[in-house]
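I opened this model to look up its fold, its sheets and a few backbone details. My notes follow in the order I took them.

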Amino acid sequence: METDEKVWEILLSADKKDYEKICLEYGITDFRGMLKRLIEMKKEREEEIAQFITHIRTLKPIEVKDDDCATIELDIDLKDPASKIFLYKDGVMVPFNKEEIDGMKHSLKQVGKKYVFTIKKLGKDDAGLYSVDVEGVNVFSTDFKVPEVDFAVKIKEVKAEEREDALFQCVLTAPMSEIKWYGKNALLSNSEKHEIIVSDDNLIHKLIVRDCLPLDGGIYAAVAGIKSCNAWLIVEDPGVHFHAGLSDCKAIIGEAAELECKVSREDCVGIWYKDGAEIQSNEGLTITKDGCFHRLKIHKVTEEYAGKYKFEADGRKTESEIIVEDPPRFDAEDLEEFKKPVTVKKGHKATYKLSFIGREPIKVQWYLEGEELSEESNIKIEYTEGSSRLLLLKLQRKDSGEIKFKLKNEFGTTEAFSQLIILDKPTPPMGPLEIVEAGSSAIDFKWRPPKDSGGCKILNYILERQQVGRNTWKKVGPIGPEAKYRDTDVDHGRRYCYRIRVETEMGISELMETEDIQAGTKAYPGPPSAPKVASAFKDCINLTWSSPADTGGTNILGYNLEKRKKGSNLWGPVNPPNDMIKGKGFAVKDVIEGMEYEFRVSAINNSGAGEFSSSSEFVFARDPKKPPGKVTDFKVTDSTYTTLSLTWNKPKNIAGVEDEAKGYFVEIRPAENTDWDRCNSNAITMTSYTVKGMKSMAMYWVRVIATNDGGEGVPQELDNYILAMPPPVRPRFTDAKIKSFMVVRAGNSARFNINFEASPWPEVTWLKDGVPVSKKVTISNAEGTSQLLIPSAERSDTGIYTIIVKNIVGQETFSIEIRVTDEPKPPGPVETDENVPGTVTISWTPSPDEKRDDRLHYMVTKRDSSKRSWHTVADRIFNNKFTACNIMPGREYQFRVYAKNDMGSSKPSESQKWLISSKKEKFTVNMPETKACDLQCPPKFIVPLKTHTAPQGYECYMSCAIKGDPTPHVTWLRNNISLNTNTNYFISNTCGVCSLLILRVGSKDTGEYKVVAENTLGRAECSTKLTVRD
């Protein structure tokens, strides 16, 4: 940040009392001029801030705290709570967290409308100008300076007796006129309580705490620059005082209670009081002293011990209250007995009883599974003093659950829990039936256990079997507690049905009858996996496969294997039909060297052979091949930020050493890693490949490995690492047509996009009138494009904006003129005057926008009493005067003047009505004496030429007025060359008003323009200069 910009940022947020010090520091001598400019800047700043902030209450400059951190505090009302807040240090954005996180240096904490920026772990690098912006508008700036100072001697712990003064003292390594003192995290200043003293050399700083009281005790800190130190102030009482007073105690009747306090001296003797009366040890309570501790213990609390207790020693006293309570409570032994589960059989009764104590009245409630029980035919609840009994009659299995006993009185609530278990016969087993095997010699099936076992352990499942078509059931007998059965006494092809019951100690359940199951149903296995070639030789091919997923419900007995030559339609068996293959692999030896074969396999179970598998890959009956050699001519053909295109040639074939390659693998390795990553999981047959998913600008090593049936060859690496980037390209703008001029209405946003190509990724810089753009301008850069955005453009944003796209290959620039303007304000009052008969000179006060807009010009319209309609008489006038010709006497004229710019026209400023009366008098003929009248005169300029400055490409209109008799001959010259015959200039002479119009001013039109008027009586000249502005 420039020094001039920095000092104004500081002044905008500083207090008035600090202006003189800041000006002195930054060398500002014109104090009055500074104040004038500052008032204007504050007004502009307030208008900007008002867009986003309703009210600003507090702005605290940066302040160093005593915990090695600094804070900036703002109390502001945001119009939109979602507005973004930014922190800058010396013009550079500072990242921060919304929450205080360990390790994060900067954080923002919001409490209501208060915002606190915190900078932790202060160091020298934290010095600078800190600015807080809301949505790009600066709200507050503060200069943080870090002096070169530390503590040579830090403050130390101070002990002071009550009513004495305490002194903290520190010594600095460098002079400082003032440091900050904190007492219990509060900033201290000179007052009756605190006195701050600084030595003459500004090295020794002292803090005196006057008339210390216990309340003054705590941590005190000294802060010098970004350094701090702290120490305790301990205020000691010279007499007896309490380190710990008595506390209120809630005591339960029948239990013990104790009160305790601690005094400052062991030799202290005190007195105990209850309700104002002194008490001493007796049978019910004991008073003891153990060093500084004084205790009162009640052995067994009763109602009479309730009240206020006081301990007094050496004029000091402490009080507390014992509140005696009598909540409901259970007898411990009874409670343990109650917790034991109660188990009864269906139809029987269950009894629960529990004793309790507590102050009456006590509310007693019984619950079963969360529902409160009340007296019914099968529920009896009895109440006696100190106990309650629950009787449950004719219990059913559904009554099982949790029993809760609840007591409540004015002092509290207590509960006791138990379990009720009702035993009953089990429910039937559950289906569906799962058939594990239905073979010709056995049926194996499973089922699910009963939903409710009746609260008992399952002893047996009892089965009966019926052959379908017969009326009798055969008892299979108890089979044990497992829910499965294998029946081996079956006939092939027969169908069977089963009845299953559950047996527990409570009896036997109802039956579950299964669906019919057929023994020996023909269920063939599914196809195994396609055979895989484990190895191949000229006289043997070794194959393996996997079992079928579907076994047909029986075990797999073996496999049949078939083979077929390439090009043939006939499959032939490998193993004899009566000699199945037992394992899941086979060595095929009936092969011819050099021939290519494929294989398929089928599984066999009790039902027979199933479907064949899909075919294996073709394999040659020949000895294993040798791995291929290295690929040749390996190179990079193209690259981008994420891809890399490679090509190579096949490796050479060396008989008996290196065989032909069948495919290739491409591998890459990031420069920082040692492991290679394979790009293609399956070998490719082409000799080119594009690697994708690379990290932009990362370094990679690349290699290619040739492979065949004999294995992988030796890798071939590129000689050098590769950068993930396109080939170097000099920056170039790619838009077919780019506009170089833009007009934007003030208050609207200005947006300009430009596309380019460059490699490697270029550095993009935007300048305004040759200097970097301000923070207000938002620059967005993406791959191949850049955008400039000016939100809420102002007239001050007008200028030449230049983009510089630069990389290691070169740079390219482009400039656009952005003009921020608005519809102009109308010109001031319009005046009319007659300098030459038959003409009217219209003059007007300039529009207020003329100084701020060099393209502003004027248009004049006229209306006379004969036509009553307005028409334009002159346009593109860059001065404040125009002479209208052909003004007829007797007509009433009126003129309007408009200010115009690139955004349009202003409202008109209107002249007073202009009238040259035609005098009509009574016609009389008076014959005057004839006298000779000589009106001849040499040429003379009534209205001379004026100096003109015109923008390039615009009109330029020059005029003057001449009188003379006889009528003079007028010649226009530029740089002493006549223009009267030059068709590029429009020259007119009407009633002595001479004018010259240049439609489009160019640099060639710059120079001296001269008007020469001549007649027989003389000659007159008038000249001016025309300056053309870019």
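**Overall make-up.** I counted elements first: the chain has 4 helices and 88 strands. Both are DSSP runs, numbered from the N terminus: helices are H or I with at least four residues, strands are E with at least two. I then checked the spread. The radius of gyration is 55 Å, well over the 31 Å that the globule rule gives for 1030 residues, so the chain is more spread out than a compact globule. That radius is taken over C-alpha atoms, and the rule is 2.2 Å times the number of residues to the power 0.38. Along its principal axes, the C-alpha trace spans about 170 × 120 × 75 Å.

**Ground rules.** This is a predicted model, in which local features need pLDDT of at least 70 and side-chain atom pairs count only at pLDDT 80 or more, while totals for chains, interfaces and linings use all residues. Residues are numbered from 1 along each chain as its sequence is written, and side-chain values use heavy atoms, with hydrogens and water left out.

**Helices H2 and H3.** How do the axes of H2 and H3 cross? Helix H2 (residues 19-26) and helix H3 (residues 31-49) have axes that come within 12 Å and cross at roughly 110°. That makes H2 roughly perpendicular to H3. I took the word from these classes: under 35 degrees is roughly parallel, over 145 roughly antiparallel, 65 to 115 roughly perpendicular, and the rest oblique. Axes are lines fitted to C-alpha atoms, for helices over the stretch in contact, and angles run from 0 to 180 degrees between N-to-C directions. I listed the contact next (heavy atoms within 4.5 Å). H2 brings Tyr19, Glu20 and Cys23; H3 brings Phe31, Met34, Leu35, Leu38 and Lys42. The residues divide into 6 nonpolar, no polar and 2 charged. Here Ala, Val, Leu, Ile, Met, Phe, Trp, Tyr, Cys and Pro count as nonpolar, Asp, Glu, Lys and Arg as charged, and the others, Gly among them, as polar.

**Sheet S9-S11-S15-S14.** I traced this open sheet of 4 strands, with antiparallel pairing. Two strands pair if DSSP finds at least two bridges between them. Strand S9 (151-153) and strand S14 (194-198) are the edges, and each pairs on one side only. Neighbouring strands are turned by 30° against each other on average, direction ignored. S9 is joined to strand S11 (residues 166-172) by 2 bridges. Valine 153 has valine 171 of S11 as its bridge partner.

**Sheet S27-S29-S33-S32.** This one is also an open sheet of 4 strands, paired antiparallel. Strand S27 (329-330) and strand S32 (379-384) stand at the edges with a single partner strand each, so one side of each is left without a neighbour in the sheet. I found 6 bridges between S32 and the antiparallel strand S33 (residues 387-392). Glutamate 382 stands opposite arginine 389 there. Helix H4 (residues 332-339) lies across S27 and strand S29 (350-357), at about 155° to S29.

Proline 361 sits in the loop between S29 and strand S30 (363-368). The bond from glycine 431 to proline 432 is cis too, again with omega near 0°. Proline 432 belongs to strand S36 (residues 430-438). Aspartate 275 is not a glycine, yet its phi is positive, near 50°. Cysteine 991 also has a positive phi, about 55°.
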